[in-house]
Amino acid sequence: MHPVAHSLFKGRHARLRRVRAAGTLAGFVILSAAACRRDGATVGGTGGAPGFAGGSGFDGSPGGSGGAGGAGGAGGADVEMGIDAGDAGADADAGSKVDANTQPDAGSKVDAGSTTDAGNGLVDAGPPTTLRAAAARTHRLIGAALGAAHLSEAAYAATAATELDFATPENEMKWETTEPAQGSFDFSGGDAIVAFAQANDMKVKGHTLVWHSQLPDWVSNLTNATDLHDAMINHITQEVSHYRGQVIAWDVVNEAVADSGVGLRDDIFSELLGAGYIDDAFKAARAADPAVLLVYNDYGAEGSGAKSDYVYNMVKGMLSRGVPINAVGLQMHTGPADSPSATAVAANMQRLALLGLNVFVSEMDVQICTSDLNAQSARFHDIVADCAQAPLCLGVTVWGLTDKYSWLNGMTCATPQPLLFDDNYLPKPAHAGVMNAFLGL
Ligand code: G3I
């Protein structure tokens with residue numbers, strides 16, 4: 001199994017064997033075998049320096065001739081996740097259902113480890129009071145999209161450090177921000193979020209290397225395939241190398257599949273490079289960092305349906321070609337209705353796991369323009385419970401920390417209130433919904 005995923009799972013394997021002995025041992029063994037089998041091929045398998053080998057995408061369209069691959073990325077270094085510490089007492093005190101009125105003790109920001117966090121080896125005796133303590137009970141990560149501009153706001157920083165053990169930069173690692181002009185890189189925004197995370201024992205997922213949106217004009221204006229391909233490979237190589245050892249995962253390619261689920265999105269990458277650009281992007285990322293989890297991230301493919309099937313077949317094809325992909329990100333921008341249904345999402349997580357792929361719920365928010373906070377809480381609960389029960393789900397990220405900074409504000413309605421904390425950083429009923437899901441309640 002991929003080193004990063006393995007260090008998350010260590011405690012869980014033992015636990016799952018105990019829990020599942022009676023239940024679906026066969027299924028679990030298949031899952032573990034699939035994960036182990038695949039990784040052997042991935043880590044150290046595929047060439048480093050990318051060739052223009054693209055094109056032999058799953059749609060079979062012929063590709064350019066490949067450049068020689070570099071030395072394979074050696075097996076990944078085991079990034080210390082520090083999640084096991086709270087393990088011992090896990091099952092014992094998950095009993096007490098968390099009600100919406102429990103105030104997380106903001107004061108514990110500084111020594112995040114004392115009462116809540118499982119990251120620093122302190123076993124947490126009492127019922128968890130924070131998301132990160134509850135998530136640690138199931139060896140999942142709980143995170144949010146963070147904005148570097150807000151880290152200087154005390155309440156924002158305190159809430160994030162106390163409640164979360166995982167961060168995704170909302171915009172700071174995107175191409176338009178990190179390489180505004182060709183060859184000129186600015187990692188200051190991403191560096192600030194990584195520094196904050198490291199100071200508060202949080203892990204980071206890089207977001208995102210190749211995406212049709214938030215591209216700098218110099219990329220959008222390219223018309224020559226070789227120029228675009230070289231620019232893409234250089235961008236990936238420079239950014240992944242810069243953050244090597246500082247992030248546990250990368251959203252390598254984001255939202256490449258058409259909403260219809262019939263083919264790839266029509267964007268500059270698919271137009272100029274064909275389907276093979278996706279394989280090449282993953283190979284380039286692996287060459288730049290042999291140990292990081294590589295993720296394909298998308299929306300509208302969380303449950304069942306044409307787009308979900310397309311993504312499934314796409315990643316299955318990548319695995320069959322030995323492309324170093326480790327996980328799929330299910331964005332989950334949703335509403336309070338059970339759509340996509342929690343059942344369909346669980347089934348999708350399961351079929352991806354049977355391919356040996358991890359999953360992340362990567363950008364969850366539940367907008368409630370016309371609904372209520374309890375319906376929102378139930379929706380968060382059910383999807384987080386899917387992750388808590390899915391053998392290879394690594395964690396849940398909510399797309400923002402406080403309602404007041406949500407990207408949805410003013411989009412579908414003035415105040416969609418889609419997140420776990422309100423404008424004053426007070427936990428909403430949804431906070432309890434997520435806590436209880438991690439506690440199996
Ligand atoms: O940086 C400029 C700033 O200089 C300018 O003053 C300001 C006013 O217009 O705009 C700022 O850029 C904004 C950028 O966020 C940074 O805040 C863009 O206008 C705005 O469009 C951009 O929105 C981001 C959006 O992606 C862009 O598509 C959202 O914050 C971000 O939450 C959202 O995130 C995406 C994920 O990356 C991928 N999945 C979907 C998700 C929601 O769209």
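1. T159 counts as buried, at 11% relative accessibility; buried denotes under 20% relative accessible area, exposed over 50%, and partly exposed the range in between, with a 1.4 Å probe and protein chains only. The residue is found in helix α4. Helices here are DSSP runs of H or I with at least four residues, strands are runs of E with at least two, and both are numbered from the N terminus. Apart from neighbours within four places in sequence, T159 is in contact with L164, L401, F421 and Y425, contact being heavy atoms within 4.5 Å.

2. The model is predicted: local features need pLDDT of at least 70, side-chain atom pairs count only at pLDDT 80 or more, and totals for chains, interfaces and linings use all residues. Residues are numbered from 1 along each chain as its sequence is written, and side-chain values use heavy atoms, with hydrogens and water left out.

3. The pLDDT, which is the predictor's confidence in each residue from 0 to 100, has a mean of 82 for the protein, and 72% of the residues reach 70 or more. Over residues 18-124, however, pLDDT stays under 50. For this stretch the model has 217 contacts beyond four places in sequence.

4. The secondary structure of the protein comes to 14 helices and nine strands. Of its 441 residues, 58% are buried. Among contacts with a separation of 6 or more, 78% are between residues 24 or more positions apart. The accessible surface is about 15,300 Å², and carbon and sulfur atoms contribute 56% of that area; such areas come from the Shrake-Rupley method with a 1.4 Å probe, and for residues only the protein chains shown count as cover.

5. Helix α4 (residues 154-163) is largely enclosed by the rest of the structure, because eight of its 10 residues are buried. The buried set comprises Y156, A157, A158, T159, A160, A161, T162 and E163. The elements covering these residues include α3 (131-136), β1 (141-146), α6 (188-199) and α14 (429-438).

6. Which residues come nearest to the ligand? Of the 14 residues around the ligand, these are E170, K174, H207, E255 and E363; a residue is near when one of its heavy atoms lies within 4 Å. By class, the shell has three nonpolar, seven polar and four charged residues. Here Ala, Val, Leu, Ile, Met, Phe, Trp, Tyr, Cys and Pro count as nonpolar, Asp, Glu, Lys and Arg as charged, and the others, Gly among them, as polar.

7. Oxygen atoms of the ligand lie 2.5 Å from a polar side-chain atom of E170, 2.7 Å from a side-chain N or O atom of K174 and 2.9 Å from a side-chain N or O atom of W399. Taken alone the ligand exposes 790 Å², of which the protein buries 46%.

8. Q367 lies in the loop between β8 (358-366) and α13 (373-389). Its side chain makes a polar contact of 2.3 Å with the side chain of T412; a polar contact is a pair of N or O atoms within 3.5 Å, where within protein one must be able to donate a hydrogen and the other to accept it, and residues adjacent in sequence count only if both atoms are side-chain atoms. Q367 and T334 are 33 residues apart in sequence, with their C-alpha atoms 6.6 Å apart.

9. N326 is placed in the loop between α11 (306-320) and β6 (327-330). N326 is buried, at a relative accessible area of 0%, and its side chain joins that of R286 in a polar contact of 2.8 Å.
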